[in-house]
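Biologist: I am new to this structure, and I would like to understand what lies behind the words used to describe it. Could we look at it together?

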Amino acid sequence: MSLLHGKLQTEFRTISAMMVIYCRDHHGGKNTLCPECQALLDYAETRLDRCPYGEDKAACKHCPVHCYKAEQKQQIRQVMRYGGPRMLWRHPLLAIRHLLNERKQFPPKPPQNASNRAKRQQK
């Protein structure tokens, strides 16, 4: 069971699909991820869960808050650079949603307790 819901879950499905494409073509996996790619995907899920913008987030590419560590940020960029264009053929709806999300503007300051994690802890 995933920690994420709504728009965050959709974003996680998008990065998961990109990761499968990348891992299959670079590491020879079929529909399962190698341990390195799975660790990166788990890290991405944690970062989405703790995103201070929560459900109102736009694409991480334009975010003023840099929550990824430098190494993982570079790895995710590689995955997205490779998997993104290939998403149009394999997962067109997710790809189009992601492209539209990149146009969304970030508010100047994240709202208080908007992260998915904060909402879970309040329950």
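This is a predicted model: local features need pLDDT of at least 70, side-chain atom pairs count only at pLDDT 80 or more; totals for chains, interfaces and linings use all residues.

Biologist: What describes the way in which α1 and helix α4 lie against each other?

Modeller: Two packed helices are described by the angle between their axes and the distance between the axes. For α1 and α4, the latter made of residues 92-102, the axes come within 10 Å and cross at roughly 115°, and the crossing in which α1 passes α4 is left-handed.

Biologist: Which residues make the contact of α1 with α4?

Modeller: Contact here requires heavy atoms within 4.5 Å, and the residues concerned are T10, E11, R13, T14 and M18 on the side of α1, with L94, R97, H98 and N101 on the side of α4. Sorted by class, the residues of this contact comprise 2 nonpolar, 4 polar and 3 charged.

Biologist: Where is G84 found, and which residues does G84 touch?

Modeller: G84 belongs to helix α3, and, leaving aside residues up to four places away in sequence, G84 touches M18 and V79. The C-alpha atoms of G84 and I15 are separated by 9.0 Å, although these two residues stand 69 residues apart along the chain.

Biologist: What makes up the lining of the largest pocket?

Modeller: This pocket, with a volume of about 790 Å³, is lined by 31 residues, and those closest to its centre are C60, K61, I76, M80 and H98. At least two residues of the lining come from each of α1, α2 (35-49), α3 (70-90) and α4, and the largest share, 8 residues, is supplied by α3. By class, the lining of the largest pocket holds 19 nonpolar, 4 polar and 8 charged residues.

Biologist: Which elements give two or more residues to the lining of the second largest pocket, and how many residues line that pocket?

Modeller: The second largest pocket holds about 210 Å³ of space and is lined by 12 residues, with K7, T10, E11, R97 and N101 nearest its centre. The elements that give two or more residues to this lining are α1 and α4, and the largest share, 5 residues, comes from α1. Its lining divides into 2 nonpolar, 4 polar and 6 charged residues.

Terms used
Residues are numbered from 1 along each chain as its sequence is written. Side-chain values use heavy atoms; hydrogens and water are left out. Axes are lines fitted to C-alpha atoms, for helices over the stretch in contact, and angles run from 0 to 180 degrees between N-to-C directions. Helices (H or I, at least four residues) and strands (E, at least two) are DSSP runs, numbered from the N terminus. A crossing is left-handed if the near helix is turned anticlockwise from the far one by less than a right angle, and right-handed if clockwise. Ala, Val, Leu, Ile, Met, Phe, Trp, Tyr, Cys and Pro count as nonpolar, Asp, Glu, Lys and Arg as charged, and the others, Gly among them, as polar. On a 1 Å grid over the protein atoms alone, a cavity is a set of points where a 1.4 Å probe fits but cannot get out, and a pocket is an open set with protein on both sides within 12 Å along at least five of seven lines; lining residues have an atom within 4 Å of a point. Grid points are joined across faces, edges and corners, and a volume is the space filled by probe spheres set on the points.
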